[in-house]
Amino acid sequence: MSVFPTYPKTATAKRDYTIDWGAAYPGNAIASVAWSVPAGLTTVATSFTPSAASIRLAGGTLDQIYLVRCTVTLADGQIDRQSFQIAIVPRMTVLSTVKDPAALIACAINADALFGEPISSYAWSASGCAISGSTTAATVRVTAGVAGTTAYATCHLTSVGGQEDDRTIELSIQDC
């Protein structure tokens, strides 16, 4: 039974995945790359350097796991393949905290870069609470919520290179 690395991704994310072939084949450059992407995921872009192959993937169905394969042909004619899995998750929770229903708290995404690329935009949304003021900054103010419930403040990040991902702050609403 093969075990493949598994990477979580939300359905709305557009993420780059890179396989580094340089260590396995030092001095033997990649001549061509072929990706096998299952239905449900969308290939946005592909690229390769002499030592690495990259793919940007979008889409997916919640709770599904997709097997992605990369086949390279090297300059000397050798062919090799590596695979990884993409697991579609409902959210990428980066912080869990407690919030009083009457409190106004600041929620911040501490991200200077998204997968190595500077952030170009932030777009916040809320579920079970409300955002007060701007929704397009790294930090927002969250209000409201019903005691005994869980609320979510989610930030959709876009990098200067076009990658997109979501980061969620989970708020346990409790009378404090």
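Predicted model: local features only at pLDDT ≥ 70, side-chain atom pairs only at ≥ 80, totals over all residues.
Residues are numbered from 1 along each chain as its sequence is written, and side-chain values use heavy atoms, with hydrogens and water left out.

**The sheet**

Strands are DSSP runs of E with at least two residues, numbered from the N terminus, and two strands pair if DSSP finds at least two bridges between them.

The pairings may be taken in sheet order. Strands β1 and β7 pair in the parallel sense over four bridges, and I86 in β7 is the bridge partner of Y7. Strands β6 and β7 run antiparallel and are joined by nine bridges; here R69 stands opposite S83 in β7. The hairpin of β6 and β7 has four residues between the strands, and G77 in this hairpin takes a positive phi near 95 degrees. Strand β3 is joined to β6 (residues 65-74) by six bridges, and these two strands run antiparallel. A34 stands opposite T71 in β6.

**Aromatic pairs**

The whole structure holds four aromatic pairs. Rings of Phe, Tyr and Trp (its six-membered ring) pair if their centres lie within 6.5 Å; planes under 30 degrees apart count as stacked, over 60 as edge-to-face and the rest as tilted. Two of the pairs are set out below.

| Pair | Centre to centre | Angle between planes | Class |
|---|---|---|---|
| Y7 and Y17 | 5.9 Å | 40 degrees | tilted |
| W35 and F84 | 6.3 Å | 75 degrees | edge-to-face |

Y7 lies in strand β1 and Y17 in strand β2 (residues 14-20), so their pair ties together parts that are 10 residues apart in sequence. The pair of W35 in strand β3 and F84 in strand β7 (residues 79-88) links distant parts of the chain, 49 residues apart. Ring pairs link Y7, Y17, W35 and F84 into a cluster.

Burial is judged by relative accessible area: buried means under 20%, exposed over 50% and partly exposed in between (1.4 Å probe, protein chains only). Y7, at 34%, counts as partly exposed, whereas Y17 is buried at 4%. W35 counts as buried at 18%, and F84 is buried at 4%.

**Nonpolar cores**

A nonpolar core is a set of buried Ala, Val, Leu, Ile, Met, Phe, Trp, Tyr and Cys residues joined through side-chain atoms within 4.5 Å. The largest such core has 18 residues, and W21, W35, L57, F84 and I86 have the most contacts inside it. Two or more residues come from each of β2, β3, β5 (52-59), β6 and β7. Strand β6 gives the most, with five residues. A second, separate core of 16 residues includes C107, I109, C129 and I173.
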